[in-house]
Amino acid sequence: MVGLSLGEQCFIEGGIAQDLRCDGRRRLTYRPIHVETGVIPQANGSARVRIGATEVIVSVKAELGKPSLMQPDKGNVSIYIDCSSTAEPAFEGRGADWLSADLSNALQRCLLGAKSGAGAGIDRSSLVVIEGKICWDLYIDGLVISSDGNLLDALGAAIKAALSNTGIPKVQIAAGASSDEQPEVDVSDEEFMQFDTSGVPVIITLTKIGKHYIVDATPEEESQMSSAVSISINRQGHVCGVTKRGGVGIDPTVILQMVSAAKHVSEQLINKLDSEIASAEAEDES
Amino acid sequence: MRQIRAEIGAVSKADGSAIFEMGNTKVIAAVYGPREVQNRSQQMSDQTLVRCEYSMANFSTGDRMRKPKGGDRRSTEISLVIRQTMEACILTHLMPRSQIDIYVQVLQADGGTRSACINAATLAFADAGIPMRDLVTSCSAGYLHSTPLGI
């Protein structure tokens, strides 16, 4: 927990009003972002992302399963976040349950869209093997190792990087199976299909302090927030999901301003992430 | 013995931290302390209270596992083993009425996680500057066809 004196609180709020934060950043500037891919060899895809001192690891595992009856032409994706006690002593035991659930739900809302699958950032139709019978189940597991503010953005970036790194094995379907039986499938060990991540959105969290909003808040800044809005935006500039946290109400016009600010920031963030992911993959291969 | 890699100071927020790799087994340890005791009833007037939590990440083993946090018997047992080991080697009488927390997280499990955890914990304590009698190291050993092996 962060304890701030009254003087420090005024300093943070006053600085933000003048577009100057405690570490010298401007309101809409991110801390340095580092991406490493392929950190978990036994997973289908993985990534480790560091924004400032916040560090998260995401792994993607693919297993064969059955598609749901409501959507036989789509695979299943589940996102589960765990906050390790190494990040914060308060996360020991069940201490981080509420935060983990909060983050998992926010990410599911931002990336997976509605229950019907409409508006999802991740294309689940590419995961189906045999419609109605066999599909890929993607398990996206995130682990927060070090928490220094802005966990949601870091997890969103890590999921995007891990999905870029994910290879789904090619599946050969045994011919001649009748439509009633469970067909035999041969999962290839050699050939992999790269997951298409061009539609995966990034998440931008805008934290409102006083009259202004900032991006990539540190824990000190987060403790002073009145409310925070997390918006997920894809490459085309479309909003894929919105989550609001914090007890103070926001005027609807302010939310629209925040969305357009997030769109503006998202272009730079997506470009930065893509170049980091590309260089991480290149390093991984060498 | 498999190839060993270690890195100190991985978690900047912690007082001390380390990542320890032994072959494909990868473990991260973070130490918070000495700090004020959270639970006054456990405070000891002549020495420090050492607490440990061991947990495995969902993706650490080959098959993805959904573990119950804090309720797993194996985790509780290993937490106890690490705590007793470190308690024996720290100079606890130098820090009375305080608490030291050591959190160990397994990122990749490929055998010998217990030893990797103890080694990571030692490095994390050294990084935190906590006074110890000596560095504790650990290694698992086993027999294969009556030949002793180090893991």
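These questions and answers cover the interface of chain A and chain B and one hairpin of chain B in a predicted model.

Residues are numbered from 1 along each chain as written, and chains are lettered from A in the order in which they are written. Local features need pLDDT of at least 70, side-chain atom pairs count only at pLDDT 80 or more, totals for chains, interfaces and linings use all residues, and side-chain values use heavy atoms, without hydrogens and water.

Me: How many residues of chain A are in contact with chain B?
Reply: Contact means heavy atoms within 4.5 Å. On the side of chain B, 29 residues take part. On the side of chain A, the number is 31.

Me: What area is buried between chain A and chain B?
Reply: Buried area is the accessible area (1.4 Å probe) that two parts lose on being put together, summed over both. Carbon and sulfur atoms give 48% of the total. A:Thr86, A:Pro89 and A:Glu92 supply 21% of what chain A buries against chain B, more than any other three residues. The area between the two chains is about 2600 Å².

Me: Which residue of chain B forms a salt bridge with A:Glu88?
Reply: A salt bridge needs a side-chain nitrogen of Lys or Arg within 4 Å of a carboxyl oxygen of Asp or Glu. The rule finds 2 across this interface. For A:Glu88, the closest N and O atoms are 3.1 Å apart, and the partner is B:Lys13.

Me: Which residue takes a positive phi in the hairpin of E6(B) and E7(B)?
Reply: Strands are DSSP runs of E, at least two residues, numbered from the N terminus, and two strands pair if DSSP finds at least two bridges between them. Here 4 bridges join the antiparallel strands E6 and E7 of chain B. The hairpin has 2 residues between the strands, and the one with phi near 50° is B:His145.
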